[in-house]
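Here is a briefing to read beside the sequence and the 3D view. Keep both open and find each residue as it comes up.

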Amino acid sequence: MQLQHETLFNNAQQMLENERADYVRLHPQSMQLSVSANEHFLYGVPMHWMNDWGTPAPLFVKYAQGSHFTCVDDIYYVDFCLGDTGAMFGHCPPALAQAIAAQASAGFTTMLPSSLTPNVGEALADHFGLPYWQLATTATDANRFVLRWARAVTGRKKLLVFDGCYHGTFDDAMVDMTMRNETIVDAVVGKTINRSSLLGQVYDLGQYTVAVPFNDIATVERELAKGDIACLLTEPALTNCGMVPAKAGFIESLRNLTQQYGTLLVLDETHTISTGRGGWAKNHGVVPDFLVVGKPIAGGLPAAAYGFSAAMAEQMKAAKDQAPPGHSGIGTTLSGNMMTLAAIHATLTEVATDAAYAHMLGLAESLEDQLIASIKSHDLPWNITRLGARLELQFCEATPSNAEEARNAQNDVIESAIHLYLLNRGVLLTPFHNMMLVCPATSVDDVKRLAYIFDECLNELSN
Ligand SMILES: Cc1ncc(COP(=O)(O)O)c(C=O)c1O
C-alpha cells in the first residue's frame with residue numbers, strides 16, 4: 001500500500017527540524033564564517049543566492065578535487081552537484097590544472113586573440129559539430145548575444161521560449177506562462193508575463209517574448225505561423241524546473257517547423273551537454289541554427305561559446321557590415337581571454353573525452369537503477385529521469401511532460417529534508433531541485449554511498 005502523502009509530509013517536516021539542528025552542531029566553522037562574512041557581504045555570501053540552499057548557514061568549502069570536496073569543518077563530501085554542471089568533468093582535472101598553470105605564467109588577458117585561437121576553434125567544431133564559433137563569458141551572455149544576432153539576421157523582434165525555461169539571468173527569457181490554478185488579474189490563461197521573482201525589471205517582457213508549453217507542437221506552430229518570431233530558444237530537455245524530457249520527435253519537429261516559418265532554432269546545451277560527448281543535438285543528429293554551451297567547457301572557469309553554420313556566419317557578417325561602426329551590444333572585455341582559451345582547449349581535447357563520457361554514463365545508469373530500486377521498495381510514487389550523466393528525482397509517478405506537471409510534483413519540505421539528510425551524511429545534491437550529476441572522477445563507491453544513504457533516508461521518511 002502506498003504511504004499517505006500526509007504521513008510522508010509530516011515525517012519530512014520532523015526530519016527537516018532534526019537535520020537543521022544537526023547541521024548547526026556539525027558545522028561550527030561554517031556557522032562562524034557566515035557571521036564574519038556577513039559583515040561585508042550581503043547575506044554573508046559572494047552571490048545572494050548562495051544563501052538559498054536551505055541550510056541554516058551556507059556550507060563553506062575549503063578544498064575540492066575530483067568528485068569530492070572538504071568543508072571548513074573538515075567533513076568530506078561526495079559531490080553530485082558539481083557546481084550545477086560547472087564542474088561536470090570533476091574538480092581540477094589534472095590536464096586542465098596543468099594547462100591553467102602553464103597559461104598563468106604566459107598571460108591572462110590582452111583583448112587580442114591568443115596563439116591557441118585556431119586550435120580552440122577546431123576543438124569546438126570537432127566536439128560539437130558546428131563549423132563557426134564565438135565566445136562569451138557565461139551561458140547567460142551567450143544566449144543574450146545569440147538573440148541579438150537572431151534579431152539582426154532575421155529582422156524580426158520576438159523570441160519564443162518554453163514555460164519553465166531557464167537560460168541564465170538573461171532578461172528576455174525570464175518569463176512565465178499564466179496557469180489555470182493561479183489568481184490571474186485579467187483572467188487570461190497562457191499569457192506570457194514577467195517571472196514574479198525577477199528584480200528590477202520595468203519592461204513588460206511579454207511584449208517581445210512568447211512562452212508556450214513544452215512538448216506542445218500545435219501551440220508552437222500556431223505562434224511560428226504568425227511570422228514574427230526571430231528565434232526559438234530551448235534546451236533539448238527542460239532541466240531547470242525538475243527535468244522534462246522532450247517527447248520522441250519533438251525537437252526534430254521544432255527543427256522542421258522553424259525552418260518552415262523562417263525562425264532560427266537555438267539549442268541551449270549548457271546542461272544537456274551531460275547527454276554524451278558533443279551534447280544532445282550532435283548525438284541525435286539535429287543541427288540547430290545556433291548551439292549554446294557554457295559552464296563546464298572550461299572546466300568551471302567562466303567561459304561559454306555559441307556555434308553556427310557557414311551560411312549563418314555569412315548572414316551574421318552581412319548584418320554586422322551593414323551596421324555603422326561602434327558598439328554592437330555583443331561581447332564583454334574579458335570574453336575569449338587567453339586563460340579561457342587555454343582552459344577550453346584542455347577541457348575539450350583532454351578531459352571531456354569519449355572514455356570520460358563512457359565512465360560517466362555507465363555509472364549514472366547504475367545510480368539510476370539503485371535509486372529506482374530504493375523508491376520501489378518503499379512503494380513511493382516517485383520517479384528518476386536521466387539524461388546521460390544527469391539524474392533528477394521527481395515526486396510524481398510518471399516523468400512530467402511540461403513545466404506545469406513538473407511544478408505540481410514539487411514539494412519543498414520533502415525536497416529540503418532529503419537534501420539536508422544527505423548533506424549531513426557527506427553527500428551533496430544540487431539545490432533548488434533534485435539533480436545528481438556523475439563526473440569522470442565519480443567512483444562506484446561514491447554511487448553506492450549516495451544510494452545507501454538515500455535508502456536510509458527513505459526508511460526514516462516512510463516510518
Ligand atoms: C540551460 C541553461 N542555460 C544557461 C544558463 C546560464 O548559465 P550561467 O549562469 O553560467 O550564465 C543556465 C544556468 O543554470 C542554464 O541552466
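How many Å separate an oxygen atom of the ligand from an N or O atom in the side chain of histidine 271? The distance is 3.2 Å. Keep in mind that this is a predicted model.

**Around the ligand**

- The shell around the ligand has 13 residues, and Thr140, Asn240, Asp268, His271 and Lys295 come nearest.
- Lysine 295 has a polar side-chain atom 2.7 Å from an oxygen atom of the ligand.
- Asparagine 240 also places a polar side-chain atom by a ligand oxygen, at 2.9 Å.
- On its own the ligand would expose 390 Å², and the protein buries 85% of that area.
- Helix α5, residues 139-154, gives the largest share of the shell, with 3 residues.

**Helix α11**

- Helix α11 runs over residues 354-377, which makes 24 residues.
- At 1.5 Å a residue the helix should span 34 Å, and its end C-alpha atoms are 35 Å apart, so the two values agree.
- The buried residues of α11 are Ala356, Tyr357, Met360, Leu363, Ala364, Leu367, Glu368, Leu371, Ser374 and Ile375.
- An α-helix has 3.6 residues a turn, so residues three or four places apart point the same way.
- Just after α11 comes aspartate 379, with a positive phi of about 55°.

**Cysteines**

- A disulfide is a covalent bond between the sulfur atoms of two cysteines.
- How many disulfides does a search of the whole structure find? The search finds 0.
- Cysteine 241 is in no disulfide, and the nearest cysteine sulfur, in cysteine 165, is 8.7 Å away.
- Cysteine 241 is buried, at 7% relative accessible area.
- The cut-off for a disulfide is 2.5 Å between the sulfur atoms.
- Cysteine 439 is buried too, with a relative accessible area of 0%.

**Buried residues and their contacts**

- Leucine 160 sits in strand β5, residues 158-162.
- Is leucine 160 buried or exposed? Leucine 160 is buried, at 0% relative accessible area.
- Beyond its neighbours within four places in sequence, leucine 160 is in contact with a set of residues including Val210, Val212, Val220, Leu224, Ile229 and Leu233.
- Leucine 160 and aspartate 172 are 12 residues apart along the chain, and their C-alpha atoms are 9.7 Å apart.
- Alanine 230 belongs to strand β9, residues 229-234, and is buried at 0% relative accessibility.
- Setting aside residues up to four places away in sequence, alanine 230 touches Ala150, Arg151, Thr154, Arg156, Lys158, Thr263 and Leu264.
- Alanine 230 and phenylalanine 162 are 68 residues apart in sequence, with 15 Å between their C-alpha atoms.
- Threonine 263 lies in the loop between α7 (250-261) and β12 (264-268), and is buried at 2% relative accessible area.
- The side chains of threonine 263 and arginine 156 make a polar contact of 3.2 Å.
- Not counting residues up to four places away in sequence, threonine 263 touches several residues, among them Arg156, Ala230, Cys231, Arg255 and Asp289.
- Threonine 219 is in helix α6, residues 217-224. Threonine 219 counts as buried because its relative accessibility is 14%, and the cut-off for buried is under 20%.
- Threonine 219 touches Val212 and Pro213, leaving out residues up to four places away in sequence.

**The loop between β3 and α3**

- Aspartate 84 lies in the loop between β3 (76-79) and α3 (94-104).
- Phi of aspartate 84 is near 50°, a positive value in a residue other than glycine.
- Threonine 85 is placed in the loop between β3 and α3, and its phi is near 100°, which is positive.
- Threonine 85 is buried, with 0% relative accessible area.

Definitions and conventions. Residues numbered from 1 in each chain as written. Predicted model: local features only at pLDDT ≥ 70, side-chain atom pairs only at ≥ 80, totals over all residues. Heavy atoms only, no water. Helix = DSSP H or I, 4+ residues; strand = E, 2+ residues; numbered from the N terminus. Expected span 1.5 Å × (residues − 1). Buried < 20%, exposed > 50% of the residue type's maximum accessible area, 1.4 Å probe, protein only. Near = heavy atom within 4 Å. Polar contact = N/O pair within 3.5 Å; in protein donor to acceptor, adjacent residues only side chain to side chain. Areas by Shrake-Rupley, 256 points an atom, 1.4 Å probe, with all protein chains shown as cover. Contact = heavy atoms within 4.5 Å.
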